Amino acid sequence: MTPPGGAAGASAQPTPRPTPRHTAAGHVRVRGNDYRVLGPPEHVTPELTVSVVIPAYGGQDKLDLVLQGLSRQTYPAALTEIIVVDNGTSPPLRLPGGTAARLVVCDKPGRATARNAGLAEATGDVIFWLDSDVVLTRGAIEAHMRWHHAAPYAVVTGYIRFTEAPLPEVLPDDLEAAFEPAEPHAWIVDLVERTDGLTANPQRPFSLHVGGATSVNARLIAATGPMDDDLILGQDTELGYRLAQAGAVFVPEPQARAYHLGPTMRMRDKQPIDRVSHAFVADRIPAYRWLRGHPARRWKIPYVTVVMDGTVGYDTVRPAVDALLAGTVPDLSVLLTGPWERLGGERRAPLKDPDLELVLVHGHYEHEHRVRLASAEEIDPAVPFVLRLPPGWAPGEDTLARLLDLARDEGLGLVNVLLRESADGVVAARLERASAFARARIVAAPDEELDDAVDAVSGVAWVDGETYGFTAEPEPPAGRRAAYKARVEAQTEAARRAGENERLRAQVEKWKEEAGRWRKSTVELRREVGTLRRQIAAANRAQQSLRAMVSTTMRRALRKRLRG
């Protein structure tokens, strides 16, 4: 990490990528999503238990084949728990004889609800989401579990192929012969190929978390909570986002293969499905920036939360908060911490109230929907970025946007902003990436500074505050009248320039006409010059003939005179 010095650079100075190492707890540090450093061996000694959760609604014939596939897995059956959740099938689903699976009934409709019901019953170290129409190849679970033995924060997804082959009554040993030709999970294959296997700093690796055949460490789910059953579609992607916020690394495992018996609903109706999904996940996944095009509206999960001390005085708090609210990043919330609960209802002598400064801040922002007043720091873990702003400093209009671009483009987990450096120490703002800090907490040694662990898993940079627009004496933000005046002036200037443009166009047309006349005059002049040249040539020829005639006559006359 680059410490503050005599001259903090104007641009970021990301730390060179360190050699991945184990922490005192034995966890390998994965930088970004480059899971290759985990390098699990081909075979591991199985120790972790796994719970396979299968939500099902109808499709008894497909479920029977799925359970047959699970009975043939190479991962030890003693470490495998299978939970089938009947999501209101009529007549109810049954478990075939000889299966080790347990049946749970969940009458409330919805795949997320059914998965959560199975999750509540699960006891495994790893949760394996499996759809009731996805048949795993023999080594699929073992291939997943290799990664979970290597790191406690892995999310692993297998490669699914979609088959239209007739369903057999008994699952054959050779699945490839029975189910090929089949189509790949095209968008996942494309995502993996475009990002070098999700290792080339992808912006949204959590998109890999799909419910068809994905496994997650149970402690990660405990940290994030279950699936959001308020969502109609996209529940698995939304949970994947929260897993990323909890520090997960996402691994595509080609040896974990499976066959989906028939096409998915999304394959049949991609655009209508996306339309429904996007309408809901936009509120919950700030990383989907293209779904948040509105310039001013509020979202359930903001893109960034700014934390400030609300007790440092009204005249100190207000300029900074107002500057944030007037900036080019509207997708934010401001958290002002302070003992707001102790404020009373004093009305008779407000100027003598010892808590007057708190009263003013509280009264000024109590009803501002993007400002929250809390006695302790309470930040939704789904918020991607947190800016910690010290008292007395305010950002410029585009400051926050520039810092976010820097963190996003460089994949940084922490951007320190040097505001002031003196003999008393350093004053700095901090832009923190929540997912990097979550992973750092998983891998940090007991006596290790958390920022150093963040540096190892994501990178840390220092930048100069003045260069990024921070100031201790901010200008008041432009209000509605100022904005209206500026808009009117801009419209007037635009009209003036449009008129000037028309005038210039008319002048150009005039010049074109005049140039045409000159061209015509030039042609006529050339013709006249040609005629004159021809006339001069004829006169020259006549003159030469006359000279010749005069010369001949004079010679004849001279001869006659000499003879006489």
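**Salt bridges and helix packing**

Glu-377 is partly exposed, with 42% relative accessible area. In this predicted model, Glu-377 belongs to a network of salt bridges with shared partners, together with Arg-388, Arg-430, Glu-432 and Asp-451. Its link to Arg-388 spans 2.7 Å from N to O. Arg-388 is also partly exposed, at 24% relative accessibility. Arg-388 sits in strand 13 (residues 385-388), while Glu-377 sits in the loop between strand 12 (371-374) and strand 13, so the pair ties together parts 11 residues apart in sequence.

Another salt bridge joins Arg-372 and Glu-378, with 3.7 Å between the closest N and O atoms. Arg-372 is partly exposed at 36%. Glu-378 is partly exposed too, at 45%. Elsewhere, Arg-36 and Asp-34 pair through their side chains at 2.7 Å, N to O. Here Asp-34 is buried, because its relative accessible area is 4%, under the 20% cut-off. The whole structure holds 31 salt bridges.

Helix 13 (residues 434-443) packs on helix 14 (residues 450-457) at about 110 degrees, with the axes 8 Å apart. The two helices are therefore roughly perpendicular. By class, the contact has eight nonpolar residues, three charged and no polar ones.

Helix 3 (residues 140-150) is largely enclosed by the rest of the structure, because eight of its 11 residues are buried. Among them are Trp-147, Met-145, His-144 and Arg-146.

Technical notes: Residues numbered from 1 in each chain as written. Predicted model: local features only at pLDDT ≥ 70, side-chain atom pairs only at ≥ 80, totals over all residues. Heavy atoms only, no water. Axes fitted to C-alpha atoms, helices over the stretch in contact; angles between N-to-C directions. Helix = DSSP H or I, 4+ residues; strand = E, 2+ residues; numbered from the N terminus. Parallel < 35°, antiparallel > 145°, perpendicular 65-115°, else oblique. Nonpolar A, V, L, I, M, F, W, Y, C, P; charged D, E, K, R; others polar. Buried < 20%, exposed > 50% of the residue type's maximum accessible area, 1.4 Å probe, protein only. Salt bridge = Lys/Arg side-chain N within 4 Å of Asp/Glu carboxyl O.
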